[in-house]
Every structure is written in structure tokens, then in C-alpha cells.
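Open your viewer and get ready to select a few residues. Each stop below tells you what to pick and what you will find there.

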Amino acid sequence: MIYKPLPIGIDDFEKIITNDFYYVDKTLLIKELLDKRGEANLFTRPRRFGKTLNLSMIKYFFEKPIDGNSRKYLFDGMKIMDAGEKYTGLQGQYPVITLTLKSAKQGNWDMSYKSLIEEIANEFERHDYVLSCENVLEEEKEKFRAIRGRRGEPIDYAKALAFLSKILYQYHKKKVIILLDEYDVPLENAYYRGFYDKMIDFIRSLFESALKTNPYLEFSVITGCLRISKESIFTGLNNLKIISILSTDYGEYYGFVEEEVENMLKYYGLEHKMGIMKEWYDGYLFGNMEVYNPWSVINYMDGLISNENAFPTAAWSNTSSNSIVKDLIGRASKEVQNEVEKLVNGGTIEKKVHEDITYEDIYATEDNLWNFLFFTGYLKQVGMRMEDVDRYVTMAIPNNELFYVYKNTIETWFHDKVKVQDLTTLYEGMFSGNAEIFEAELKKQLYGTISYMDNKESFYHGFLLGLMANLKEYHMKSNRESGDGRYDICVCHDDVTIPPVLLELKIAKRYRELNAACEAALAQIEEKNYGAELVEEGYEEMICYGIAFFKKQVKVHVKRKVLEDELAD
């Protein structure tokens with residue numbers, strides 16, 4: 001059987017349908033938009049959850065063909081075609097303005113502004129058939145040509161969508177549908193790049209003229225990651241309907257619901273992979289609807305089609321810098337570190353949520369950072385309660401993919417932290433065989449880090465390797481075969497007169513079992529003859545440490561061992 005290809009990175013509806021890519025039918029979003037009759041609809045969803053593709057689908061459904069060729073065939077067999085004449089009768093009946101703002105993610109204001117001008121000019125160019133209209137005044141045509149030709153004044157571009165709406169209405173005698181994609185991308189970029197105020201002024205003017213005082217508007221759909229109202233972008237826009245991840249409307253149209261993932265797996269003959277899909281990419285709650293991350297599902301599915309044993313990957317995490325997670329952890333107080341630790345170990349936290357976020361206030365409070373993580377998809381809702389007029393959401397890490405993000409961010413943060421620390425006392429204690437000093441220094445480090453996979457040996461193993469990273473003149477050997485087994489960590493110098501340090505780790509189930517666990521670790525070094533490899537390399541003595549952990553408690557026992565040259569025997 002020849003399967004349909006998966007549309008990885010393709011967000012144009014026409015391209016997906018005409019090239020026969022696999023498509024998850026979201027066309028009933030059109031019906032719901034018409035039923036609910038919102039004039040200005042703002043959808044806020046995390047990145048890569050189908051916002052651009054849905055806007056493209058809406059455009060192809062409603063737009064009166066510019067080239068005269070009907071696009072109705074794109075919707076053959078789609079759910080919207082069974083919704084009735086009330087909906088299908090509106091197909092291809094409206095002029096549509098569509099504009100993406102994500103190209104304005106540039107390094108400075110001039111480049112961002114020019115990118116926005118380019119997008120606006122391209123949309124004017126797409127509609128330049130209006131220049132043949134007798135109802136359009138000559139001075140309006142001249143202004144149209146200036147905007148299209150990138151020669152307009154700044155005010156022309158700030159009011160461009162309203163102006164284009166008027167011209168399209170004069171031509172078609174129909175009000176326009178305006179589709180604006182990723183409206184908050186230029187705002188976020190401008191905040192981090194240092195030209196936030198200029199971008200706010202431009203976007204405000206663009207939106208107010210198009211959405212607030214536009215008599216030629218039928219309805220609009222705006223998409224973004226966050227609702228950002230305090231900047232007054234939407235000030236006075238009393239026709240704005242906000243559909244956030246907390247809204248109960250439209251929950252199933254962004255992301256894949258479970259049945260859609262099951263159907264996709266069944267189509268490709270991979271039903272047995274549903275468990276992995278759920279563990280890695282499920283867990284988001286939009287309103288009352290549980291959804292999967294569509295970008296990650298499609299990427300993993302593509303890997304499975306080529307290799308049924310392919311490992312799941314954190315595809316979604318690679319679409320951004322994860323800077324908010326990094327900032328939260330890097331700036332964290334002890335309380336926040338404890339909360340992050342609770343999350344990465346499978347627990348939950350409760351936070352007051354508010355949707356009116358400003359980029360200027362992201363770092364004003366730690367609560368703002370938590371809100372940012374929640375609304376951008378790095379945390380999921382598992383419960384909610386009201387207290388007076390405030391909403392409190394119980395949050396957790398959604399799935400394995402996001403756990404991977406947190407884990408990697410924590411590891412990077414810890415390694416960066418170690419690089420700038422003076423660990424001389426820890427190293428001197430370790431190399432001199434002073435278990436008391438070594439233990440005290442390890443305890444300090446444990447108290448100051450964020451542990452994940454609580455009481456899992458792999459975490460403590462990585463923790464110790466991280467602490468050894470500054471020992472540039474030494475070799476780190478990890479999980480190497482020696483004697484009758486594999487030791488945990490060995491730190492050794494090229495100079496064979498300097499005794500290597502061998503670290504064997506154990507996890508204790510209770511605090512009182514730490515000392516016994518240390519002795520068991522030392523006994524294992526002896527029984528498994530872990531020094532055999534070191535003998536072959538010419539070392540005559542080694543310092544053996546049995547290190548036992550219970551959560552953030554640690555005990556260290558030491559034993560010096562003279563290495564016998566067994567080869568000589």
C-alpha cells in the first residue's frame with residue numbers, strides 16, 4: 001500500500017490537499033465561527049498547534065477566487081460540506097485579507113519594519129486587480145500603488161489594512177474577512193531586541209484601524225501564542241472575542257484529539273504505537289478538550305513510517321529556544337527551584353493565572369513566568385478553582401517531550417553554574433581521600449541544584465559528572481567495563497603516580513540506610529575487581545569512594561586500595 005505523505009512544515013491548505021498529503025479534518029471550525037458570530041476572534045494557542053494551517057483553510061473556504069478559478073474542490077469530502085447550505089452557500093463569497101506577522105522577527109527595528117512593509121505590500125499586490133475598478137478614485141489608486149510599491153508613508157502602512165478593506169469593498173460590494181497570523185511574534189522579538197515601544201505603536205495602529213473602526217469588516221480571526229492586552233493593542237476593541245486555552249469553545253480544532261491520533265496510526269498500520277504517542281505528546285487541555293501536540297505527532301509518525309523502531313523525539317521543543325524555561329530556572333529563588341523540582345519529579349503546583357500578560361512584566365514576578373510557561377504550552381492544566389474573582393490552576397508537565405526540555409535545561413543550567421564556581425575544596429577533599437570534606441561539599445552542591453527523577457541513580461550519576469567537568473587535566477571514565485563489571489565513575493590523570501579516584505554510587509530507600517549503602521558500594525568495588533583496568537594502565541594505588549544518596553542527603557565512605565599487578569601473577 002502506498003500511504004499519503006505527511007505534511008511536515010507545510011501550513012498551506014491548498015498545497016496539502018492538491019498534493020494529497022495526510023490531512024486531519026478541522027473544517028468544522030468554519031461552522032463554529034459562523035455559528036458563534038464573533039466579529040473579531042483572537043485564538044491563543046502554543047506554537048506549532050495548527051494556527052497557520054487553520055487560517056489558510058478559512059481563507060480558501062471563504063475567499064472569492066482572485067484568478068476566477070473556484071477552490072471548492074479543496075473541500076470535497078470534508079466535514080464542512082455536510083453542514084448544510086447555510087454554511088456551504090458562503091463558500092467563495094468574500095474578499096479576504098491575510099497577513100502573517102511572523103516575518104517581522106528580525107534583529108533590529110528597521111529590518112522588522114521593512115519585513116512588515118513587505119508583507120503588507122505583497123498582500124496589496126495579490127489584490128491589484130482592484131486598480132481596474134471604476135468605483136475606486138484615482139487618488140486611492142495612487143495610494144494603493146505607493147503601498148504596493150513599498151513607497152508609502154509610515155502612516156499609510158499603519159492604516160493599510162483598513163484602507164485595503166475599503167478598496168476591496170468598493171470592488172466586490174462585500175465586506176472583508178481579515179486573517180492575521182502570529183500577531184505576538186513581532187512583539188516578543190521586539191521586547192528581547194530592544195525596540196518594543198516602536199513595535200507596539202505600529203501594531204496598535206495597524207490593528208485599531210482594521211478591527212476597531214472598520215465599517216467594511218465582516219469578521220476577523222487573529223492568532224497568537226498569548227493574549228497581550230495591557231499594551232493597549234486591543235484597547236476599546238469591544239468586539240474582540242478571546243479564545244484562550246482556558247476557553248471551552250473551539251477546543252478540538254487546535255491540536256489532535258485522541259481519536260484523530262488513533263485514526264492516523266491505524267491508517268499507517270502503527271496502532272501499537274499509541275501508548276508511546278500518549279506518553280510523549282498528549283496531555284494538553286484546551287478548555288475541556290484533551291489534545292496532542294500535532295507537530296510532534298506528525299514528526300514522530302514520519303520517523304515510524306521509515307523505521308517502526310524509531311525513538312520518539314522532542315520535535316516541538318526544537319522549534320524555539322525554550323528561553324522562558326531557561327529564564328525561570330536561571331532566575332529562580334529557592335522556592336521556585338523547589339517547585340520546578342516538584343514538577344520534574346511528576347508533581348503539581350498551583351498558581352494564580354491571568355491572561356493579560358505584557359512582555360515588559362514577564363520578569364516582574366515569578367508568577368508571571370509561571371503564567372508564561374502555562375499559556376505557551378510548557379505546563380498543562382490538571383485542575384482549576386476560583387477564589388473570589390481569581391482563578392487558580394493546578395499545573396503539571398504535560399508529557400515526556402516537555403520533561404525532556406526541562407531536564408536538558410536543568411542540566412545546562414547546572415553545568416553553566418559549575419563552570420563559574422570555585423570547587424577547589426571539593427576536589428582537594430576528593431583527591432586527598434578526605435571523605436568528610438568531600439561529603440560536606442557534595443551536600444552543598446545538592447542543596448543548590450534542582451533534582452529530577454528523584455532517587456534515580458542516573459540523576460546522581462550526571463550530577464557527579466557535572467561537578468567533575470572543571471577538572472581539565474583529568475580523564476572522566478563513566479560506566480566502563482573493568483574486572484567483572486562496570487564501575488560508575490573513574491577520575492584519573494595521565495601521571496600514573498597520581499592515584500585515580502573511583503566513585504561507586506548507591507541509592508538508599510531511607511536516610512538511616514545511607515551508611516550501609518556506602519559500605520555496599522565499597523564492597524562491590526572489591527568484589528567486582530574494578531581496579532583491573534587501572535592495573536593494566538600502570539597505576540599502583542586508587543582511592544575508592546562509596547557514595548550513597550537519599551533525596552538531597554549524601555554520605556561518603558572512602559577506602560584506599562593498593563593495586564596488585566595481577567598480570568604478573
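## Stop 1: A charged pair to start

Select Glu14 first: its relative accessibility is 19%, so this residue counts as buried, the cut-off being under 20%. Keep in mind as you look around that this is a predicted model.

Glu14 and Arg71 form a salt bridge, and their closest N and O atoms are 3.0 Å apart. Glu14 sits in helix 1 (residues 13-18), while Arg71 is in the loop between helix 3 (51-62) and helix 4 (85-88), so this pair ties together parts that are 57 residues apart in sequence. Side chains of opposite charge can pair when their charged atoms come close.

Keep Arg71 on screen and select Asp67. Here is another salt bridge, between Asp67 and Arg71, with the closest N and O atoms 3.1 Å apart. Is Asp67 buried or exposed, or partly exposed? With a relative accessible area of 45%, Asp67 is partly exposed.

## Stop 2

Next, pick Asp249 and Lys241. Their side chains meet in a salt bridge, at 3.5 Å from N to O. Asp249 has 24% relative accessibility and counts as partly exposed; Lys241, at 27%, counts as partly exposed too.

Then select Arg47, Glu182, Asp184 and Glu188 together. Salt bridges with shared partners join these four residues into one network. How many salt bridges does the count come to? The count is 37 salt bridges.

## Stop 3: The start of a helix

Select residues 294-306 to bring up helix 13. This helix has 13 residues and reaches 19 Å from its first C-alpha to its last, close to the 18 Å expected at 1.5 Å a residue.

Now select Asn293, which is found in the loop between strand 7 (289-291) and helix 13. What does Asn293 do at the N-terminal end of helix 13? Asn293 caps that end, with a side-chain oxygen 3.1 Å from the backbone nitrogen of Trp295. Look also at Ser296: its backbone nitrogen lies 3.2 Å from a polar atom of the Asn293 side chain.

Asn293 is buried, with a relative accessible area of 0%. To see what Asn293 touches, select Arg48, Phe49, Tyr281, Tyr284, Trp316 and Glu401; this list leaves out residues up to four places away in sequence.

Back on helix 13, colour its buried residues: Pro294, Trp295, Ser296, Val297, Ile298, Tyr300, Met301 and Leu304.

## Stop 4: Into the cores

The largest nonpolar core has 70 residues. Select Phe438, Leu442, Tyr545 and Ile547, the residues with the most contacts inside this core.

Zoom in on Leu442. Leaving aside neighbours within four places in sequence, Leu442 is in contact with Leu426, Phe463, Leu464, Leu467, Ile547, Val554 and Val556.

Key:
Residues numbered from 1 in each chain as written. Predicted model: local features only at pLDDT ≥ 70, side-chain atom pairs only at ≥ 80, totals over all residues. Heavy atoms only, no water. Helix = DSSP H or I, 4+ residues; strand = E, 2+ residues; numbered from the N terminus. Expected span 1.5 Å × (residues − 1). Buried < 20%, exposed > 50% of the residue type's maximum accessible area, 1.4 Å probe, protein only. Polar contact = N/O pair within 3.5 Å; in protein donor to acceptor, adjacent residues only side chain to side chain. Contact = heavy atoms within 4.5 Å. Core = buried A, V, L, I, M, F, W, Y, C linked by side-chain atoms within 4.5 Å.
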